[in-house]
Amino acid sequence: MLDRLSGKLGDLMRQIGGKAHISEKNIQDAINEIKIALLEADVNLRVVRRFVNQATEEALGEKVLRSVTPGQQFVKLLYDKMVALLGGESQGLALKGPDTQSVILLAGLQGSGKTTTAAKLALHLRGQGRRPLLVAADLVRPAAVQQLVVLGEKAGVEVHHEDVKDPVQVVRGALSRARKEQFDTVIVDTSGRLQADEALMAELVRIRDAASPVEVLLVADAMTGQNAVDIAREFDARVTLTGVILTKFDSDTRGGAALSVKSITGKPIKFVGVGEKLDGLEAFHPERIASRILGMGDVVSLVEKAQATMEQGEAERLQDKLASETFTLEDMLDQYRRMRKMGSIQSIMEMIPGLKGTGAEEKIDEQGMKREEAIILSMTRKERRNYRIIGPKRRTRIARGSGTSVFEVNRFLKKFEKTCLMMKKMSKNSKYQAQVLSQLGGS
Ligand SMILES: Nc1nc2c(ncn2[C@@H]2O[C@H](COP(=O)(O)OP(=O)(O)OP(=O)(O)O)[C@@H](O)[C@H]2O)c(=O)[nH]1
Ligand SMILES: [Mg+2]
């Protein structure tokens, strides 16, 4: 599913993510390639244009976080855009509590998967402890009722059907039965046509008015790409959709429908059908789909961590301090804490391509870092601000207070002095982080 798109974009993201430097031209080239990939995936042209313009603008205007490479940051930006395109937050069904009846109306073109999806949803809701009732309101196709009865049996869910001609009558019958027999969720399967025509829409409007559904879901075949988006607009105009279920997502869809539906129609994709069997229904999670498409989940989480632990202003303040030689042991303590917040340093170093092979990975010693933290904590505030005032007597005291030795305290202070010197000399190139990190954590 989405294999071709994710193959293409995944390769591109790996290329970009590995770049330590990134220029305006890099960004433009990458965005052009993304544009082509999206168009090939049958994503709506308007959606592609908007995506591309916004991504370019933001990428060029963005300040670079120092703890990740610009390439990684760019990948994260594209990922965020992709998540937004897919609808942002994952949206579930807006069902009422179990004491009130909730009706879900399924609509869509012929063969889009309505009947199968009705049964899948019933099974899904039953698994969540609800009591669903399936309603056979497709009286157009001869075998439709029987099909739902069979599927209902498989799902272990009761199916309501009546031998009448008008689907609205069936729905009314189902609603009163549901009230009597305490079904809390009523799922209505309706008929489809080859294309959305007046007869289909008029019937649907009547069913909707009779059923007052909390959810009106369009069931659309993901394989039809942008067509699915046009269909969603037509149905929305007549019956006001609350969401979309894309079926046959397990087939090799190009992705166009998934990527265009939300921004063109404003309707969230709530589920995707991922197989013919009844368990082939998944909640739609924009984040998961975006990382599947871009294939860069680890880079994204790395940048998120870096953003959370070191905001841009913080990075700049630190840079200033280094340049003006006012970096103190207090700042160092601060850095240790930030690094700890980012999780295991080793794992972070491994995620940063720019640090691989610099030797920095090997030098990190978390145990040593904790001891050094203890040393700093045993100093007075004044000492932390100016380590030069710490004489031999105080060093003995600090060693005792931190559970270390005078030798360790001396070694640490020497190292700190060296670090400060090195930082001063360092230019703003990308090796900066590697060296600082190795100095901080090394023993
Ligand atoms: N691979 C795959 N097949 C699906 C999925 N959903 C439905 N199908 C298949 O699509 C075909 C049509 O499904 P139905 O549920 O009968 O579609 P419908 O919309 O009810 O069709 P009509 O009632 O004739 O309009 C069946 O062969 C289903 O097994 C899915 O998520 N993945
Ligand atoms: Mg059907």
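Guide: Start with threonine 115: a polar side-chain atom sits 2.7 Å from an oxygen atom of ligand 1. This is a predicted model, where local features need pLDDT of at least 70, side-chain atom pairs count only at pLDDT 80 or more, and totals for chains, interfaces and linings use all residues. Residues are numbered from 1 along each chain as its sequence is written, chains are lettered from A and ligands numbered from 1 in the order in which they are written, and side-chain values use heavy atoms, without hydrogens and water.

Visitor: What makes the pair of threonine 115 and ligand 1 a polar contact?

Guide: A polar contact is a pair of N or O atoms within 3.5 Å; within protein, one must be able to donate a hydrogen and the other to accept it, and residues adjacent in sequence count only if both atoms are side-chain atoms. For glycine 111, a backbone N or O atom lies 3.0 Å from an oxygen atom of ligand 1. For serine 112, a polar backbone atom is 3.2 Å from a ligand 1 oxygen.

Visitor: Which residues around ligand 1 come nearest?

Guide: Gly113, Lys114, Thr115, Thr116 and Glu276, out of 20 around ligand 1. A residue is near if one of its heavy atoms lies within 4 Å.

Visitor: Why are α3 and α10 called roughly perpendicular?

Guide: Helices are DSSP runs (H or I, at least four residues), numbered from the N terminus. The axes of α3 (residues 45–61) and α10 (residues 256–265) cross at roughly 85° and come within 9 Å. Axes are lines fitted to C-alpha atoms, for helices over the stretch in contact, with angles from 0 to 180 degrees between N-to-C directions. Roughly perpendicular means 65 to 115 degrees, so α3 and α10 qualify.

Visitor: What makes α1 and α11 roughly perpendicular?

Guide: Helix α1 (residues 3–17) and helix α11 (residues 286–294) pack at about 70°, axes 6 Å apart. The α1 and α11 pair is therefore roughly perpendicular too.

Technical notes: Helix = DSSP H or I, 4+ residues; strand = E, 2+ residues; numbered from the N terminus. Parallel < 35°, antiparallel > 145°, perpendicular 65-115°, else oblique.
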